[in-house]
Amino acid sequence: MSNAFRTLDHADVKGKRVLVRVDLNVPVENGVVSDATRIERTAPSITELADKGAKVILLSHFGRPKGRDAKDSLKPVAAELAHTLKRPIKFVDDCIGDVAERAVAAMHPGDILCLENTRFHAGEEKDDPAFVAALARLGDLYVNDAFSVAHRAHASTEGLSRLLPAFAGRTLQAELEAFEKVLDKPARPLVAIVGGAKISTKLDLLGNLLEKVDVLIIGGAMANTFLMAQGKQVGRSLVERDPRRHRAENP
């Protein structure tokens, strides 16, 4: 697998506008980030790109807004990211259009810019070609460093990888190499533990794992859906009533 994808080692980023898909969907309480783990994990890729002279343009979703909603703004998250990186980060309140294009045009090599929540636009989750094109106009290269959303066919994940030269960031690279080590030449018996809340976005993954592992352990809220399917009482626990239909409606 390690030869099947391009990493930052293969990217000439100096002076280039690099769109970096990160996962800044972190818990925020009263306007303050309460758990910065995801920010800390993506920091090395951002720092490396900036140090190599890239113009680093960050893309991320935050929450599940239905249109623009101030409570789902990435602004406080960008402030926490600047604190973690110990570098200035400019934030702009849109991810496409004139305001974003002007901010990108004003960047210098080594600058870091965080764009507003991609999900403020319906085209993000629909992988809308026009929205993908609007994002792509901001960059010369694309780096995906958001393993947690890489399975989603959204504009800032799958869409941009089709329009721009695409590379894996260090976080995504580490995850892919871990999969290679475990799934291609694993020690036996091999056990996989899968958690989270939603099954609908992981059905293909689970099916693939079943062919490779000796034991599959389902945990987290996801287990409730399996228990319900087996006729167990789950009370008011979080479940997906029809994950296959949900997947079809929300790919």
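The legends below describe close-up views of a predicted model.

View 1. The largest nonpolar core holds 32 residues, and Val 56 and Leu 58 touch the most other members. Strands β1 (17-21), β4 (55-59), β6 (112-115) and β7 (141-144), together with helices α1 and α2 (75-85), each supply at least two residues of this core. Leaving aside neighbours within four places in sequence, Val 56 is in contact with Val 18, Val 20, Ile 46, Leu 49, Ala 50, Met 107, Asp 111, Ile 112 and Leu 113. Apart from this core lies another, of 22 residues, which includes Leu 59, Phe 131, Leu 135 and Leu 138. In soluble globular proteins, nonpolar side chains tend to be buried together.

**View 2. Two residues of helix α1, Ala 50 and Thr 37.** Ala 50 lies in helix α1 and counts as buried because its relative accessibility is 6%. Outside the four places on either side of it in sequence, Ala 50 is in contact with Val 56, Arg 87, Gly 110 and Ile 112. Although Ala 50 and Ile 112 are 62 residues apart along the chain, their C-alpha atoms are separated by 7.1 Å. Thr 37 also has its place in helix α1, but its relative accessibility of 40% makes it partly exposed. The C-alpha atoms of Thr 37 and Leu 24 are separated by 9.6 Å, and these two residues are 13 apart along the chain.

**View 3. The crossing of helices α1 and α7.** The axes of α1 (residues 37-51) and α7 (residues 170-184) come within 7 Å and cross at roughly 125°. This angle makes α1 oblique to α7. Arg 41, Thr 42, Ser 45 and Glu 48 form the α1 side of the contact, and Arg 170, Thr 171 and Glu 175 form the α7 side. Sorted by class, the residues of this contact are four charged, three polar and no nonpolar.

**View 4. The crossing of helices α5 and α6.** The axes of α5 and α6 come within 9 Å and cross at roughly 70°, and that angle makes α5 roughly perpendicular to α6. From α5 (129-136), the residues Phe 131, Val 132, Ala 133, Leu 135 and Ala 136 meet Ala 155, Ser 156, Gly 159, Leu 160 and Leu 163 of α6. By class, this contact has eight nonpolar, two polar and no charged residues.

**View 5. The buried residues of helices α6 and α9.** Within helix α6 (residues 155-163), Ala 155, Ser 156, Thr 157, Gly 159 and Leu 160 are buried. The elements that cover these buried residues include β1, β4, α4 (123-126), α5 and β7. In helix α9 (residues 222-229), Met 222, Ala 223, Asn 224 and Thr 225 are buried. After α9 comes Gly 231, with a positive phi near 85°.

**View 6. Cysteines that form no disulfide.** The structure holds zero disulfides. Cys 95 is in no disulfide, and the nearest cysteine sulfur, that of Cys 114, is 10 Å away. A disulfide requires two cysteine sulfur atoms within 2.5 Å, so the sulfur of Cys 114, at 10 Å from that of Cys 95, is too far for a bond. Cys 95 is buried, with a relative accessible area of 1%. Cys 114 is buried as well, at 0% relative accessibility.

View 7. Most residues other than glycine have a negative phi, and most peptide bonds are trans. Asn 30, in the loop between β2 (28-29) and β3 (32-33), is not a glycine, but its phi is positive, near 55°. This residue is exposed, with a relative accessible area of 83%. Lys 86, in the loop between α2 and β5 (90-92), also has a positive phi, near 60°. With a relative accessibility of 74%, Lys 86 counts as exposed. In the loop between α7 and β9 (191-194) is Pro 189, and the peptide bond that joins Arg 188 to Pro 189 is cis, with omega near 0°.

Definitions and conventions
Residues are numbered from 1 along each chain as its sequence is written. This is a predicted model: local features need pLDDT of at least 70, side-chain atom pairs count only at pLDDT 80 or more; totals for chains, interfaces and linings use all residues. Side-chain values use heavy atoms; hydrogens and water are left out. Axes are lines fitted to C-alpha atoms, for helices over the stretch in contact, and angles run from 0 to 180 degrees between N-to-C directions. Helices (H or I, at least four residues) and strands (E, at least two) are DSSP runs, numbered from the N terminus. Angles under 35 degrees count as roughly parallel, over 145 as roughly antiparallel, 65 to 115 as roughly perpendicular and the rest as oblique. Contact means heavy atoms within 4.5 Å. Ala, Val, Leu, Ile, Met, Phe, Trp, Tyr, Cys and Pro count as nonpolar, Asp, Glu, Lys and Arg as charged, and the others, Gly among them, as polar. Buried means under 20% relative accessible area, exposed over 50%, partly exposed in between (1.4 Å probe, protein chains only). A nonpolar core is a set of buried Ala, Val, Leu, Ile, Met, Phe, Trp, Tyr and Cys residues joined through side-chain atoms within 4.5 Å.
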